[in-house]
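Let's take a walk through a protein together. Keep the picture open while you read, and find each residue as it comes up.

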Amino acid sequence: MDKLTISNKYVRFGISCFNLLYLFLISVLAMWTFLYTIELKNETSFYIVYIALNVIFFILMMMTRNQFFTRIVSLLLLIPVFVLVLFSSAPALFIPPFVVGVLMFFICGAGDMPKIIWGSFYLILFIVGIIVFYIISTLFGGSAVETILDSSVTDTAVTEEYDMDKIAELNANSVSPDGKYRYYIIDVQDNDRGKVIIVVEPNDMDINYRFFTLVEEGYSIRIAKYSTRGVTPDIEWVVNEDYDESGETTAASYKLRYRFGENAEWKTSTINIPTSKNYLTFLNVD
């Protein structure tokens with residue numbers, strides 16, 4: 001292991017300071033997984049870059065494991081990793097930094113006492129924290145399984161219930177003509193007959209990066225719910241005649257018209273997006 005140590009103390013210090021960037025990047029990623037849904041534009045490219053960055057920083061921290069800032073990063077890294085474990089949409093997002101965090105926790109040059117204290121804290125955090133999170137999610141979110149109906153759904157237990165060709169046509173026209181809003185359809189499997197839910201959310205609040213998009217979900221509203229799953233709705237955008245372009249009203253310029261079944265009555269819902277973000281969307285509460 002001594003062969004991985006850099007002899008020049010100034011270079012070691014500089015690299016140790018640079019390692020703080022790794023803690024910052026993982027913390028930002030953890031914050032994003034909580035605040036947004038991360039949609040990857042090209043999974044292969046993203047994961048190649050992501051894993052490479054984790055490997056590079058692991059090597060840099062190995063080479064400066066006795067430096068002060070590297071010890072700080074090694075001891076604190078598992079805190080944002082814990083958030084990644086709870087909220088990341090794919091295991092591949094948290095496994096690389098989790099492996100780096102665990103290895104560097106034991107490899108870094110921190111003393112035995114700090115490692116005992118932080119190690120005990122992490123055992124409690126990961127074991128008790130995950131259990132508490134699961135209990136809260138179960139109590140408030142229930143046991144229902146929600147699936148957004150789109151082309152990515154491969155579960156035949158869901159796709160066989162709906163006219164997926166019609167769903168594809170609806171999704172192709174899900175964005176309002178003014179580009180401000182979009183809708184999507186959710187299949188809900190529960191202990192009863194299930195549900196079909198139409199959700200509307202802003203279409204202009206997402207943040208785009210080269211490899212991924214941060215999809216805003218905290219301002220969505222569930223405008224329609226049908227008490228039996230398996231019914232493919234009809235949905236269309238219609239002009240809101242009450243809309244005032246002067247800004248005196250907060251109503252959207254379009255309404256959503258829908259019906260559940262060809263013989264059902266058409267209904268129209270005004271789009272009133274919440275003014276404050278809902279940070280508890282992960283609970284899936286109706």
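Is P177 buried or exposed? P177 is exposed, because its relative accessible area is 58%, and exposed means over 50%, buried under 20% and partly exposed in between (1.4 Å probe, protein chains only). Before we go on, a word on what you're looking at: this is a predicted model, where local features need pLDDT of at least 70, side-chain atom pairs count only at pLDDT 80 or more, and totals for chains, interfaces and linings use all residues. Residues are numbered from 1 along each chain as its sequence is written, and side-chain values use heavy atoms, with hydrogens and water left out.

Back to P177, which sits in the loop between α9 and β3 (181-189). Helices (H or I, at least four residues) and strands (E, at least two) are DSSP runs, numbered from the N terminus. Leaving out residues up to four places away in sequence, P177 touches W237 and Y254; contact here means heavy atoms within 4.5 Å. The C-alpha atoms of P177 and V238 are 9.1 Å apart, although 61 residues separate the two along the chain.

Now hop to D234, in strand β8 (residues 233-239). D234 counts as buried because its relative accessible area is 13%. Its side chain and that of K166 are joined by a polar contact of 2.6 Å. That term stands for a pair of N or O atoms within 3.5 Å; within protein, one must be able to donate a hydrogen and the other to accept it, and residues adjacent in sequence count only if both atoms are side-chain atoms. Not counting residues up to four places away in sequence, D234 also touches others, including R257, Y258 and W266.

Look for T64 in the loop between α3 and α4 (68-76). Its contacts, leaving aside neighbours within four places in sequence, are R12, I15, S16, N19 and T70.

Next, the rings. A pair of aromatic rings is described by the distance of the centres and the angle of the planes. Rings of Phe, Tyr and Trp (its six-membered ring) pair if their centres lie within 6.5 Å; planes under 30 degrees apart count as stacked, over 60 as edge-to-face and the rest as tilted. How many aromatic pairs does a search of the whole structure find? The search finds 23. One of them is F68 with F69, edge-to-face at 5.3 Å centre to centre and 70° between the planes. F105 and F106 are also edge-to-face, at 5.4 Å and 85°. In that pair, F105 is buried at 7% relative accessibility, whereas F106 is exposed at 59%. Ring pairs also link W32, F46, Y47, Y50, Y209 and F212 into a cluster.

On a 1 Å grid over the protein atoms alone, a pocket is an open set of points where a 1.4 Å probe fits, with protein on both sides within 12 Å along at least five of seven lines; lining residues have an atom within 4 Å of a point. Of the 17 lining residues, L25, F46, Y50, L53 and F212 are the closest to the centre.
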